[in-house]
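Hi,

Here is the structure I said I would pass on. Have a look at it first, and then read my notes below.

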Amino acid sequence: MRALTGIDPDRLKEEKSRGITIDLGFAHLTEGDTRLAFVDVPGHERFVKNMLAGASGIDGVLLVIAADESIMPQTREHFDICRLLGVSTGVVALTKADLVDPETVELVRLETAELVSGSFLEGAAVVPVSARTGDGLSEVRNALLEMAHRAVIRSPRGAVRLPIDRAFSIKGFGTVVTGTLVSGRVAVDETLAVLPSGRDVKVRGLQVHGVAEPVAMAGQRVAANVSGVDVSEIGRGDTAVTPGCFETAWRVDAVLDLLPQARRLRHGARVRFHQGTSELLGRIALGPGLGETASLGEAPEELPPGGRAFVRLRLERAAVLTRGDCFILRAYSPPLTIAGGRVLDPLPPRGGIRTATARLRLEQLLDGLPGEDPLAQDRALGIMVAERGVAGLSLAALVSRAGVSPESVAQVTDRLRASGAVRLIGDLIVDAVALAAIRERVITMVAAFHASNPLSEGLPREEARERLFRQGAPAVFDAVVEQLVEEGRLLARGHLALASHQVTLSPEETRISLAVLAVLGEAGLRPPAPAAIREQLGCNAAVLDRVLRLLARQQRVVRVGALVFDPLALETLRRDVAGLKTGSDPMTIDVGAFKDRFGISRKFAIPLLEYLDRERVTRRVGQQRVVL
Ligand SMILES: Nc1nc2c(ncn2[C@@H]2O[C@H](COP(=O)(O)OP(=O)(O)OP(=O)(O)O)[C@@H](O)[C@H]2O)c(=O)[nH]1
Ligand SMILES: [Mg+2]
């Protein structure tokens with residue numbers, strides 16, 4: 001690495017003294033406007049765990065095989081890991097070429113060709129090189145540059161996702177975290193959330209390859225100086241993300257490929273799950289087998305070496321995962337790499353995976369992984385959207401959770417809408433069937449409310465929302481109600497009522513309401529209190545209350561404080577008081593004069609004057625009322 005880049009990636013004291021790499025090291029190389037960032041990983045089998053944390057973000061691999069030793073067990077393990085992580089391109093360097101004769105180099109070349117046959121490295125450049133003499137170095141460099149031009153460019157759009165591989169503190173600076181930026185772009189002064197803790201940190205400064213930069217882009221090695229967190233509270237395995245875009249996952253549905261040299265994998269086995277820079281323990285539930293292992297049926301007890309199956313992982317700590325992510329499984333003990341897999345759903349619904357229905361679902365999720373056939377992808381997204389019910393899937397989650405590339409969000413959303421399978425409400429994609437079902441539930445609920453409250457105007461809107469929409473966004477509820485109104489099925493103001501709803505009075509209620517109107521009409525400005533009316537009419541409080549509310553809504557009575565008046569009497573009063581004012585001279589009246597004029601006691605005068613104030617017929621000034 002030093003011969004190639006001039007940088008010695010071994011930075012630990014122990015690495016220097018023992019002459020081996022233990023943990024990740026970093027170097028870089030600039031050639032024209034191509035910048036290559038290297039993550040140097042340890043070769044020793046004891047440190048594969050560290051190697052995995054470094055391998056997760058890479059776009060291409062430089063596979064190093066010492067010509068004097070040829071392919072070692074750890075070479076195979078590293079190669080398997082790169083293959084299972086979906087690394088798509090690379091270069092092979094046969095180092096220490098100065099120590100062997102040309103025939104040996106050719107032999108190692110043959111062994112290498114056999115190893116990589118049929119893989120992403122088939123046909124890759126294989127370059128003999130010597131760090132001591134410098135022979136072959138420029139060929140390696142050229143092969144790497146050519147590889148860089150072939151590598152897939154990561155999108156700087158979408159949410160920030162930075163798996164952290166190192167955290168340290170610098171005196172006077174505070175906490176610094178480093179990692180390979182998987183997606184998005186980070187800028188100085190931005191706030192990021194650290195998962196799984198959920199803690200917010202602020203980016204105070206950024207460096208890319210040792211140079212301060214205002215922004216860092218997906219694919220780059222990044223060192224971020226962050227505030228809001230102590231170095232002891234953050235480290236390898238944590239992920240810094242755009243706040244609000246990722247949900248942490250504990251249960252994960254995936255497809256798994258067991259390596260041919262691995263032992264059989266038991267249902268329920270405890271494994272080490274490596275993704276990003278994190279290593280998590282978890283248990284594996286085997287679902288139906290695929291391919292040659294399809295004969296295993298829905299609920300196999302074990303997966304044979306080389307087998308492929310759907311699995312559900314139950315992790316012991318939360319992970320930050322997107323559909324389509326590649327991961328590696330290692331055995332709990334000894335910690336050998338046994339399998340690789342891809343995430344099919346990072347937040348699957350409850351319910352097992354060992355049924356025929358689950359199999360169908362998982363098959364569709366697999367067929368529609370991002371980058372596959374668009375129709376299959378739409379079907380898979382349709383499943384994920386439907387499973388969210390009225391809660392929907394946000395456009396942001398379409399990227400961060402469902403793995404749709406940020407560039408194709410608009411296209412995918414349009415296709416799904418055009419198919420009629422979903423509706424877009426604000427920034428939520430909601431399943432059309434779930435919406436239809438909830439519309440019927442609104443109708444049923446309102447109808448039931450009318451049945452038990454025949455005199456009421458309807459179900460208070462907020463109550464309906466709370467009862468039906470615990471997990472849905474208010475905007476979705478509003479859209480549901482709006483559509484029902486448009487369809488002419490619902491009336492919605494503060495209350496929801498069926499369009500067909502008419503207040504129907506029982507004979508008893510009709511009798512009471514007519515009697516109430518007669519009593520109030522007779523009483524004018526001196527109505528009896530409701531309790532007295534009740535006594536006079538001999539009815540119960542609930543019935544009278546319902547009748548009064550209905551009459552008030554129909555404006556056939558008017559409530560003033562605790563009293564109920566005949567609207568005609570109030571209208572006459574208003575006109576009379578307003579008429580006191582003649583010309584433009586101010587006119588005032590006090591409580592006493594008011595009482596006398598209308599022949600009423602204080603009990604009626606006070607609420608009536610307050611009523612007139614509210615109606616802007618009068619205005620209170622001290623003890624007086626000014627007629628307006
Ligand atoms: N003669 C010769 N020696 C080399 C060459 N490359 C590396 N070495 C020696 O081999 C030893 C190991 O080299 P490293 O570069 O540390 O190997 P590595 O692959 O990084 O090893 P780990 O990271 O510990 O797995 C050192 O003593 C190097 O000096 C080479 O091309 N020729
Ligand atoms: Mg090394």
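Let me start with the ligand. Sorted by class, the shell around ligand 1 has three nonpolar, five polar and three charged residues. (Ala, Val, Leu, Ile, Met, Phe, Trp, Tyr, Cys and Pro count as nonpolar, Asp, Glu, Lys and Arg as charged, and the others, Gly among them, as polar.) Among the residues around ligand 1 are G43, D98, A131 and R132; to be listed, a residue needs a heavy atom within 4 Å of the ligand.

Before going on, a word on the source: this is a predicted model, where local features need pLDDT of at least 70 and side-chain atom pairs pLDDT 80 or more, while totals for chains, interfaces and linings use all residues. Residues are numbered from 1 along each chain as written, chains are lettered from A and ligands numbered from 1 in the order written, and side-chain values use heavy atoms, leaving out hydrogens and water.

Back to ligand 1, which has polar contacts (pairs of N or O atoms within 3.5 Å). A nitrogen of the ligand is 2.8 Å from a side-chain N or O atom of D98. One ligand oxygen atom lies 3.0 Å from a polar backbone atom of G43, and an oxygen atom is 2.7 Å from a polar backbone atom of A131. On its own, ligand 1 has 650 Å² of accessible area, and the protein covers 57% of that (Shrake-Rupley method, 1.4 Å probe).

Now the rings. The structure holds four aromatic pairs, meaning Phe, Tyr or Trp rings (six-membered ring for Trp) with centres within 6.5 Å; planes under 30 degrees apart are stacked, over 60 edge-to-face, the rest tilted. F79 and F120 make a stacked pair, 6.1 Å centre to centre with 15 degrees between the planes. F79 is in helix α4 (residues 73–84) and F120 in the loop between α5 (102–116) and β5 (126–128), so the pair ties together parts 41 residues apart in sequence. (Helices, H or I of at least four residues, and strands, E of at least two, are DSSP runs numbered from the N terminus.)

A cis peptide bond joins L195 and P196, with omega about 10 degrees, and P196 is in the loop between β9 (191–195) and β10 (199–208). The bond from S333 to P334 is also cis, with omega near -10 degrees. S70 is not a glycine, yet has a positive phi of about 60 degrees.

Cheers

Terms used:
A polar contact is a pair of N or O atoms within 3.5 Å; within protein, one must be able to donate a hydrogen and the other to accept it, and residues adjacent in sequence count only if both atoms are side-chain atoms.
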